Amino acid sequence: MGNNYLAPAFKTGPLLFLVGGVFISIGIVSLIAPMSLFIHLIRYSGFALLISGIFLLSYAFAGPTVLGEAKWLITESIIDLLFGATLIFNPFLAAIAFPIIIGYWICIRSGLRILWTIFMRARVKGWIFVLGAALISFVFGFIMIRFSFENRNSVSIAVAVFTIIIGFIYVLYAITFRKKESLLIALM
């Protein structure tokens with residue numbers, strides 16, 4: 001085990017490769033049909049964030065983690081649950097201010113991930129990938145908040161480019177650490 005971040009009983013590299021492929025696929029579909037993606041983003045983002053929050057919360061209590069990491073996972077799960085509930089229970093607000101809501105969620109979550117990487121880098125193999133994904137996410141979240149998008153296609157295209165970039169980072173990470181225990185939770 002040594003300096004590993006997690007010591008799961010299975011290697012999560014193939015799963016991370018699959019997640020990267022899904023992100024790349026979503027990005028490509030988003031470029032082909034941006035308006036239909038925007039409508040689906042509004043509809044399903046809240047549920048996806050709730051599921052993510054529940055997953056992270058359950059992993060924080062049941063999964064193998066390094067000392068102190070459970071607190072970071074719990075904090076991230078609370079952020080996901082709050083933003084997910086906002087999107088589900090305020091559909092009118094979500095339709096009007098979706099880029100701003102998602103932009104703030106991405107900035108808060110990636111800012112927390114940047115801090116996590118700084119504190120946990122001595123224990124995490126491949127921490128630079130986690131930091132890179134977090135920095136790209138933070139910049140994307142800032143762009144979503146700062147620049148007003150004239151139409152919804154602009155939002156969809158920005159999301160498409162972001163998901164493709166993050167998908168490639170996940171795939172590269174999975175390939176780089178294919179023979180080692182992966183850091184799936186570190187990137188999520």
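**Close-up views of a predicted model**

**View 1. Leu41 and the residues it touches.** Leaving out residues up to four places away in sequence, Leu41 touches Phe98 and Val159 (contact: heavy atoms within 4.5 Å). This is a predicted model, in which local features need pLDDT of at least 70 and side-chain atom pairs count only at pLDDT 80 or more, while totals for chains, interfaces and linings use all residues. Residues are numbered from 1 along each chain as its sequence is written, and side-chain values use heavy atoms, without hydrogens and water. Leu41 belongs to helix H2, residues 34–62 (helices are DSSP runs of H or I, at least four residues, numbered from the N terminus). Leu41 counts as buried because its relative accessibility is 19% (buried: under 20% relative accessible area, 1.4 Å probe, protein chains only). Between Leu41 and Phe98 lie 8.9 Å in space, C-alpha to C-alpha, and the two are 57 residues apart in sequence.

**View 2. The largest nonpolar core.** Among the 34 residues of this core, Leu87 and Phe140 touch the most other members (nonpolar core: buried Ala, Val, Leu, Ile, Met, Phe, Trp, Tyr and Cys residues joined through side-chain atoms within 4.5 Å). At least two core residues come from each of H1 (13–32), H2, H3 (69–89), H4 (91–120), H5 (127–146) and H6 (152–176). Helix H4 gives the most, with ten residues. Apart from neighbours within four places in sequence, Phe140 is in contact with Ile106, Ala158, Val159 and Phe162.

**View 3. Thr163 in helix H6.** Thr163 lies in helix H6 and counts as buried because its relative accessibility is 12%. Apart from neighbours within four places in sequence, Thr163 is in contact with Phe23, Ile24, Ile26 and Gly27. A polar atom of the Thr163 side chain lies 3.4 Å from the backbone nitrogen of Gly27.

Note on methods. Buried < 20%, exposed > 50% of the residue type's maximum accessible area, 1.4 Å probe, protein only. Polar contact = N/O pair within 3.5 Å; in protein donor to acceptor, adjacent residues only side chain to side chain.
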